[in-house]
Amino acid sequence: MLLEPDLAGRFRRGLLFPDEAHLDPRQAMAALHDRLAAMGVEFHFGADVSAVSGFDRQIECTGMTAGDDRLRGVRGEMLILNTPDVSLSRPVRLLHPRFPLYTVPRTDHRFMVGATMIESQSVGPVTARSMMELLGAAYALHPAFGDAEIVETGVGVRPAFPDNLPRVETNGEIIAINGLYRHGFLLAPAMARQAADLVFSHRTKELAHETNGQRRNA
Ligand SMILES: Cc1cc2nc3c(=O)[nH]c(=O)nc-3n(C[C@H](O)[C@H](O)[C@H](O)COP(=O)(O)OP(=O)(O)OC[C@H]3O[C@@H](n4cnc5c(N)ncnc54)[C@H](O)[C@@H]3O)c2cc1C
């Protein structure tokens, strides 16, 4: 059985990672929002976090704007292409001398092609060179991408520590999660678990302290 029939005869070899998953970040964010709102979590979009007070704990996850001078930005550019002439059922990665390039199928014949890795905090528009490299990768994967519509270009800056590893750190009542670099979606559940463990272990110690105090006073 051919795993990706549209790529039949185009490449001599490939590696299959059967457990590799992928998601559409926008759909994932909307679904997470709806789920949390249904659980009673309040969202205050556009709120000024510097004015936040009156909470036992704050979790700081503002990426590059956290003002942590250990962080650097790694610019990533991507394209969304639309073509009915290519069908893929999984992300396909291409070996490239500068970036690990990949094409991820989305719904409605759309394909995300990403992503560059440039040591820069600039959020300016996609550059001509990056556009050529991303389009070249898509075209090398399947020539029908040559006739695809470019329906979107996108730029983001990934927050990264010098070792490119994420950190969950505490500073008084603030828990800071940052440095998720290229893997924010992949690592979010593990980072959230670490932050939750910190919050609840702290709370357990507080409760034990309060209970001991009450016993002493009884
Ligand atoms: C092109 C591209 C492709 C990528 N592909 C993948 C991938 O395939 N898989 C993967 O796992 N990761 C991927 N990433 C990486 C992923 O996007 C990042 O790791 C992730 O976004 C980092 O999340 P973050 O929440 O720490 O920071 P950010 O995404 O930067 O989020 C910080 C948020 O804080 C908000 N904020 C800042 N200041 C304030 C303030 N004062 N008050 C309130 N809010 C504030 C910002 O508006 C922003 O929404 C990709 C990134 C790029 C650019």
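Predicted model: local features only at pLDDT ≥ 70, side-chain atom pairs only at ≥ 80, totals over all residues.
## A salt-bridge network

Arg 70 has a relative accessible area of 33%, which makes this residue partly exposed. The side chain of Arg 70 meets that of Asp 68 in a salt bridge, with an N to O distance of 2.6 Å. Asp 68 is likewise counted as partly exposed, at 23% relative accessibility. Both residues belong to a network of salt bridges that also includes Glu 169.

## Other salt bridges

Across the whole structure, a search finds 11 salt bridges. One of them joins the side chains of Glu 4 and Arg 90 at 2.8 Å, N to O. Because Glu 4 lies in the segment before α1 (25-38) and Arg 90 in the loop between β2 (72-82) and β3, this pair ties together parts that are 86 residues apart in sequence. Glu 4 is buried, with a relative accessible area of 11%, whereas Arg 90 is partly exposed at 28%.

A further salt bridge links Arg 167 with Asp 163, whose closest N and O atoms are 3.2 Å apart. Arg 167 counts as partly exposed at 23% relative accessibility, and Asp 163 is partly exposed with a relative accessible area of 40%.

## The second largest pocket

The second largest pocket has a volume of about 870 Å³. It is lined by 23 residues, and those closest to its centre are Arg 13, Gly 14, Leu 15, Val 92 and Arg 93. Strand β3 (residues 92-94) supplies the largest share of this lining, 3 residues.

Terms used: Residues numbered from 1 in each chain as written. Heavy atoms only, no water. 1 Å grid on protein atoms, 1.4 Å probe; cavity = no way out; pocket = protein on both sides within 12 Å on 5 of 7 lines; lining within 4 Å. Points joined across faces, edges and corners; volume = space filled by probe spheres on them. Helix = DSSP H or I, 4+ residues; strand = E, 2+ residues; numbered from the N terminus. Salt bridge = Lys/Arg side-chain N within 4 Å of Asp/Glu carboxyl O. Buried < 20%, exposed > 50% of the residue type's maximum accessible area, 1.4 Å probe, protein only.
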